[in-house]
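Welcome, and thanks for taking a look at this one. Please open the model in your viewer and follow along.

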Amino acid sequence: MLPVPRAWERPEVTALGRLPMHTPFVDRDGPWCRSLDGTWRFALVPRPDAAPPGFEAPDFDDGAWDDVTVPGCWTMQGYDTPVYTNIRMPFRGFPPEVPADDPTGLYRTTFTVPTSWRDRRVVLHVGGAESVLYVWVNGAPVGLSKDSRLEAEFDVTPHVRVGARNTLAAMVVRWSDASYVEDQDQWWHAGIHRPVLVYATPRTRVEDVKVDAGLADDLATGTLRVRAHVAFDEPDRREGWAVEVRLADARGRAVGGVLRGPVPHGREPYLFDGHVVRLETTVPGVAPWSAEQPHLYRLRVALVAPDGALHDEVVLRTGFRRVEVAGRELLVNGEPVLFRGVNRHDFDPDTGRVVSVDDMRADLVLMKRYGFNAVRTAHSPNDPRFYDLCDELGLYVVDEANIEAHAYIFHLCHDPRYLAAWIDRGARMVQRDKNHPCVVMWSLGNESGHGPAHDALAAWIRAYDPTRPLHYEGAIFGDWARPQQVTDVLCPMYPELEDVVRWAERGEPPDMPLIMCEYSHAMGNSNGGLADTWDEIERLHGLQGGFVWEWRDHGLRQRLPDGTVRFAYGGDFGDRPNDVNFCIDGITWPDRRPKPAMEEHKHLACPVRLRVSKADARRGVVRLRNVQSFTDTGWLRARYEIAVEGEVVQKGVLRLPRIAPGGEATAEVAGLVPEAGPGEQAWLTVSFETARELPWAPKGFEVGRQQVELPVRRRRARVPAARAGDRVHVEIDRERGLLRSYLLDGREVLHEPPVLSLWRAPTDNDGLKLAPAQELKPLGRWRGWGLDALSRTVERVRTRDGTTTVRAVYTGTDPGAPVVQTTTYTVGPDGTLTITEDVRVPKQLADLPRVGVVFAVAPGYERLTWLGRGPHESYPDRCRGALFGRWESTVTDQYVPYVMPQEHGLHVDTKWFALHDDHDSGIVVRATAPFAFSALHHSAADLTAATHDVELVARAETIVHVDHRHRGLGTLSCGPDTLPRYRVGPGRYRWTWSIAPAPRA
């Protein structure tokens, strides 16, 4: 039954009967193609040799089998389980060993070959199957294929019956020798996860086309080289065949005339170079392709018979562009573009690895809207239609081979048994995707060490496609300066910012551009330091960006027995071993909703930058800089508003000049020096919008905002508000040294009194709550110090002249490291309770989450208003995208639903915030210096205890944190910690804050 015995544990066997890879030409909606997607018959057996005899035969009775959807992972359709591991293999063994119990899926379906296909070649296309695919047609063995992320095609012409029903059977083996080189940081699934189709071609046909659409040195003249490979049906092989090439622009206008060349038909030994036609020409005045301006041309390659008749024709899109590495610059069309990239897996929370064209487009459109211009296909080739969309929408692609041997990172690249797999996977990717202008680099895989297999694959790619640089992090792992023959770019993974800056400032080797293959790990509430990183990228020569890890949280939607639906991570399906929630590491949620960190990236990627000096403001001009590489600002329009203390005093249309790429200009805006009272600030905010509809955004879509503080003309202080002391009653508990009551309008505002707060619900960067061995992470230290369970002892309470002073000591696990807090309470005639804090943190507590106070406000105070950064959450090292203003929300809407509950909802650089009830009564909290606050219906203890967002139950009261200092977020879950300047160390902290009756709205 099986053409190669136990091929699933023989790494030297990569395929049998599989056709060579080529550029996909088939029109899936045309008359020569039939989709086989839909409902198939299915059975899961415990191992390959448990398949019932003859299951592939047309007359096999599959009545007892089940129905499944193809494409579909059987692990998402009720069979077996998904498994999540990052590095370790999901089964025991040493390569190429596989477990004795090896779940195996058996598939059957039927299809009819139209009579119009008679005398044509019929091809079966299986877009992707994990991990080993066997195929039979009408009971005859057709072939086998490995590489779960590339299509396998088989010539089934001898096996199909035209005009009759045909039986297609497939066997998919879950674990194989190939699993060891598909050990990526994602869910392990199984099944046929990409489309299946049959299509027909002429027997003599255009087999493949390789297009090099480049640019001459003037960067305006296109250079077109076409290599067409013709496959002959033997009776047709004779003189007189020709290939014709026609090029048309986006409007269908012919460009460059007709290229024609004869097809060599001879096969003389030594001289034979294939039935290949090579044509080339130059095309003056082309519109180059770039991510900013993705100009595409349509290329028609026709095979003309000796009698002059059109015998076959293929159509593809191409774009003229030039990619090269010159010293420390990777140049696209002569410009050192910055890669604002993101790593993307094929992922869907409901189907696992199955994604539709609509899903792909939705991902890419959202990337464009949030300022991303590049994507790395982590860590394997995508569906071929993905690249069509990148060509069309404009994204640079690092196309990555399906090679990751993470569990045996330093072994398999030296194992000669796996050499064929290395070459097969990389070469087939290049052969398939070679004609896409979006592909600017070939990646040799991920986290697989560096050995002879990489050297061999790099040599093959360089010989086949010298037009694109190579990318591979493993070649520089541990030693950036190592002599290179594998990678053309320095592409480190999660480097420390200081290392990157030192490399650039000192001109350290190697002499190549630095583009981080992974950085700013987006696990949970993360991406701290993104702005600091981009400050250096834009400042220093040789730094050209990187790829955020990663695009989406890999949370699979799971319905629990009680009907609750949650996003599941490792272990939630009973999968063992697992790496818990390390797969919840996207900058969007599993359902593609943007996380707050997306706003930070969008702000940093704004195509126009704004600057206003004091002199400029007095002259009534603003300075604008276009940071795009190829596009002027004609596609944008701008609006502005001037606000004083969050109140808009002027707004209008800003007449945006047409600024050349990289250029600067000024624009006139009146009123740039507004009036403001003592201590008040004024801000100019400019919004840049699309001036016309684009493929990825409607007209009027905001692509970015810029904000600068303005100088002001000082006016006298406003008349103080009326006395409100008679509305307020404050009471101090002298025994406990705490605020006992704050009555406002006869209603108790206070639910719990303010106390010192040093703990925060751990973010994933602080330490993984469910993972062992966290001692070296901040979470391990904080728990070791007992910050989550401090005991409070009152040493002294003293009242003098209306002021109450309390001295309290907080201790954790080390009695010799007390934190001393001295607090004074003073009530003013207007009802304002002024609180002065003096906190002394001992040197033993070298790194704290926060220094502030926490209290609870009684239920009902739901309306939230604040003056500070917003509207989304912000943190000391992730706040550029949160602009200064007056924001309104509710306490309920402050919740940020991170899949793993953790610290969230903070707002830094706050001047004041207010909480109101439905009767417009409320309190306002201020401080003498900008502070951070959060107001939530969940306590830090609630967030710490929960392991999924759906476990949280909102409290009726509001938990308020007022922080004098708050630690940055960083990316320590996989990458650098927050920079030292954003950490909270030992020492003395003094600040003053207040609670007062809020003005009625």
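Predicted model: local features only at pLDDT ≥ 70, side-chain atom pairs only at ≥ 80, totals over all residues.

Helices (H or I, at least four residues) and strands (E, at least two) are DSSP runs, numbered from the N terminus. Residues are numbered from 1 along each chain as its sequence is written, and side-chain values use heavy atoms, with hydrogens and water left out.

Let us begin with backbone geometry. Most residues other than glycine have a negative phi, and most peptide bonds are trans. Aspartate 745 has a positive phi, near 55°. Its relative accessible area is 36%, so aspartate 745 is partly exposed (buried means under 20% relative accessible area, exposed over 50%, partly exposed in between, with a 1.4 Å probe and protein chains only). Asparagine 138 also has a positive phi, near 50°, and sits in the loop between E10 and strand E11 (140-146). With a relative accessible area of 14%, asparagine 138 is buried.

A cis peptide bond joins glutamate 130 to serine 131, with omega at about 5°; serine 131 belongs to the loop between strand E9 (129-130) and strand E10 (132-137). Tryptophan 549 and glutamate 550 are likewise joined by a cis peptide bond, with omega about -10°. The loop holding glutamate 550 runs between strand E32 (543-548) and strand E33 (556-559).

Next come the helix pairs. Two packed helices are described by the angle between their axes and the distance between the axes. Axes are lines fitted to C-alpha atoms, for helices over the stretch in contact, and angles run from 0 to 180 degrees between N-to-C directions.

| Helix pair | Axes come within | Crossing angle |
|---|---|---|
| H3 (residues 419-433) and H4 (residues 452-464) | 9 Å | roughly 25° |
| H6 (residues 530-539) and H7 (residues 596-604) | 10 Å | roughly 20° |

H3 and H4 are therefore roughly parallel to each other (angles under 35 degrees count as roughly parallel, over 145 as roughly antiparallel, 65 to 115 as roughly perpendicular and the rest as oblique). In H3, the residues meeting H4 include Trp422, Ile423 and Val430, and their partners in H4 include Leu457, Trp460 and Tyr464. The residues of this H3 with H4 contact (heavy atoms within 4.5 Å) comprise 11 nonpolar, three polar and no charged. Here Ala, Val, Leu, Ile, Met, Phe, Trp, Tyr, Cys and Pro count as nonpolar, Asp, Glu, Lys and Arg as charged, and the others, Gly among them, as polar.

H6 is roughly parallel to H7. Leu530, Ala531, Trp534 and Glu538 of H6 make the contact with Glu600, His601 and Leu604 of H7. The residues in the contact of H6 with H7 divide into four nonpolar, one polar and two charged.

Finally, the interior. A nonpolar core is a set of buried Ala, Val, Leu, Ile, Met, Phe, Trp, Tyr and Cys residues joined through side-chain atoms within 4.5 Å. The largest such core has 127 residues, and those touching the most other members are Phe339, Trp422, Val622, Leu624, Leu654 and Leu684. A second, separate core of 50 residues includes Leu739, Val857, Leu864 and Trp887.
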